[in-house]
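Have the sequence and the 3D view open side by side. The paragraphs below go from the whole chain to its sheet, then to a pair of strands, and end at the ligand.

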Amino acid sequence: MHLPRPISEQLSPLFQGIAQRTSGHLDRDPGQAVQRVVIRQAFAYLRRHYPILVLPRFAVVTRYDDVKDVLARDEDFGVTEVYAERMERTSGPFILGMERTARYEREAAWLRGAVHDDDVARVRHLTRGYVADALEAARRASRGDVVELDLVARLTRRIPVLLIRDYFGVPVADEAQMMRWMRATFWELFLNLTNDRGVRRAAEEAAAELNPYLEQVIAARAQELADGDDRDDFLSRLIRTRASFGETPFSDFDVRRNLAGVIIGAVDTLNKAGAQLVAELLRRPEQLAAAQRAARADDLDLVSRYAFEALRYDPLNPILLRVCRRDTFLAPGTPREASIAAGTTVCVATQSAMFDPERFERPEEFRVDRPYESYLLFGDGQHRCFGEAFNRVILPELLLALLRLPQLRRPRGRRGMMTFEGPFPDRFLLEFEHALS
Ligand code: HEM
């Protein structure tokens, strides 16, 4: 299959800067906090002076209305060049790399059908259990009055792996291996913007292990279900319903690539978002204290508001990419009207949109009264996050439990710095007092 030039060959220097920022190895130490502010300022400058910046073959869209517009117009702004080739090379074709074709609709419907109404409650219940167990384990492992907790190892990276086992229905004999497979593939699919060869090789090696593993799991499960097993998890539902969408039933290969796409999208997303939002809140003593009061009053709705507002300052995706499929206009009839040529890579600055004063009142203020619907933390339009309803319970449940810990803080000095593997939080030590709150 012919695919256009890799996206990274078309990147402008501006975009490279953003790419480096999103894949930095540093913690959000004071230096990096400054850097983040600089990026926000750069977006603020563009929003004001060049809201739709058009360069040769590259454009940056920074205002809320235009960002929403690009993401809504999937027939004009596609994803194939952004994701499809990398997916083909690793986990296989997946809805996020497809335009709105009959194939996309059929596969998206199959996946959505495997999520049932009461799953959000189930995921909430599971998450609560994982968090309680992890905190108890940290307490048991501690000596003295101070408990040390590696947020990444015990919670943000581990919760989704446990959900792969308990909700998605994929056995996880070796958690570290599953984490490695998920990270290596995710890194290549979504964050290898400079086409680093090591990242690419690691993803291909991971896929060479993950794919046969999933195939064997799927074949065994299909047999068990045929033998009358009545287990109910995401994988079993995919298998049970594979003949219900169109004339040809989905094959084992179809099950594998769709299952892989979903679980790969679940692990380091939740890890990165969870770790970054906690770091954001710990950086703001006043808001932290207010969020702690909300948590102690068991006000989950208010805690959610703290979680998503914190994420606005350091989201998983400060930008999304699209490629213009046919010559078109953005913001027609306005002073910022811009003509976009087919083939232009469009940097859709979702974080910038969430700082657009036209739509986010006093955007530099940390506020918990913003309507959830206005956030663009999970994308928008055709490819809006499949896991959003889960994220909306997992992240608040995690935060609520943390906020209730007595004297939650980062250890002083370097030990209190989050460390990264490439773009991914790898270790984030926190401390709290042993006494139960
Ligand atoms: C806090 C964690 C997460 C964040 C911030 C996040 C963010 C996103 C974003 C921004 C997109 C849109 C990408 C684009 O338009 O180019 C997306 C799509 C997607 N996400 Fe998530 N995600 C998270 C967790 C999850 C989880 C837990 C799952 C699985 C249950 C998941 C599965 C997916 C899938 C399958 C898509 C593609 C949907 C489609 O193409 O129709 N994500 N996510």
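The protein chain holds 16 helices and 11 strands. Its radius of gyration is 22 Å, close to the 22 Å that the globule rule gives for 437 residues, so the chain is as compact as a globular protein of that length. This is a predicted model. Along the principal axes, the C-alpha atoms of the chain fill a box of roughly 65 × 60 × 40 Å. Of the 437 residues, 43% are buried. Among contacts with a separation of 6 or more, 71% are between residues 24 or more positions apart.

Five strands make up an open sheet with mixed pairing, in the order β1-β2-β8-β5-β3. At its edges are β1 (52–55) and β3 (77–78), each of which pairs on one side only. Helix α3 (residues 64–72) packs on this sheet and touches β1, β2 (58–61), β3, β5 and β8. The direction of α3 makes about 130 degrees with that of β8. Within the sheet, strand β5 (residues 320–324) and strand β8 (residues 345–348) run antiparallel and are joined by 4 bridges. Leucine 321 has cysteine 347 in β8 as its bridge partner.

Another pairing involves strand β4 (residues 146–150) and β11, which are antiparallel over 5 bridges. Here leucine 149 stands opposite leucine 430 in β11. Which residues of β11 are on its covered face, and which on its uncovered one? In strand β11 (residues 429–433), Leu430 and Phe432 form the covered face, while Leu429, Glu431 and Glu433 form the uncovered one. In a regular strand, side chains alternate between the two faces of the sheet.

The last stop is the ligand. There are 22 residues around the ligand, and those that come nearest are Gly265, Gly379, Cys385, Phe386 and Gly387. Which element gives the most to the shell? That element is α12, with 7 residues. How is the shell divided by class? It has 14 nonpolar and 8 polar residues, and no charged ones.

Notes
Residues are numbered from 1 along each chain as its sequence is written. This is a predicted model: local features need pLDDT of at least 70, side-chain atom pairs count only at pLDDT 80 or more; totals for chains, interfaces and linings use all residues. Helices (H or I, at least four residues) and strands (E, at least two) are DSSP runs, numbered from the N terminus. The radius of gyration is taken over C-alpha atoms; the globule rule is 2.2 Å times the number of residues to the power 0.38. A residue is buried if 20 or more other C-beta atoms lie within 10 Å of its own, exposed if 12 or fewer, and partly exposed in between; C-beta atoms are placed from the backbone. Two residues are in contact if their C-beta atoms, placed from the backbone, lie within 7 Å. A residue is near a molecule or strand if its C-beta atom, placed from the backbone, lies within 6 Å of it. Ala, Val, Leu, Ile, Met, Phe, Trp, Tyr, Cys and Pro count as nonpolar, Asp, Glu, Lys and Arg as charged, and the others, Gly among them, as polar. Two strands pair if DSSP finds at least two bridges between them. Axes are lines fitted to C-alpha atoms, for helices over the stretch in contact, and angles run from 0 to 180 degrees between N-to-C directions.
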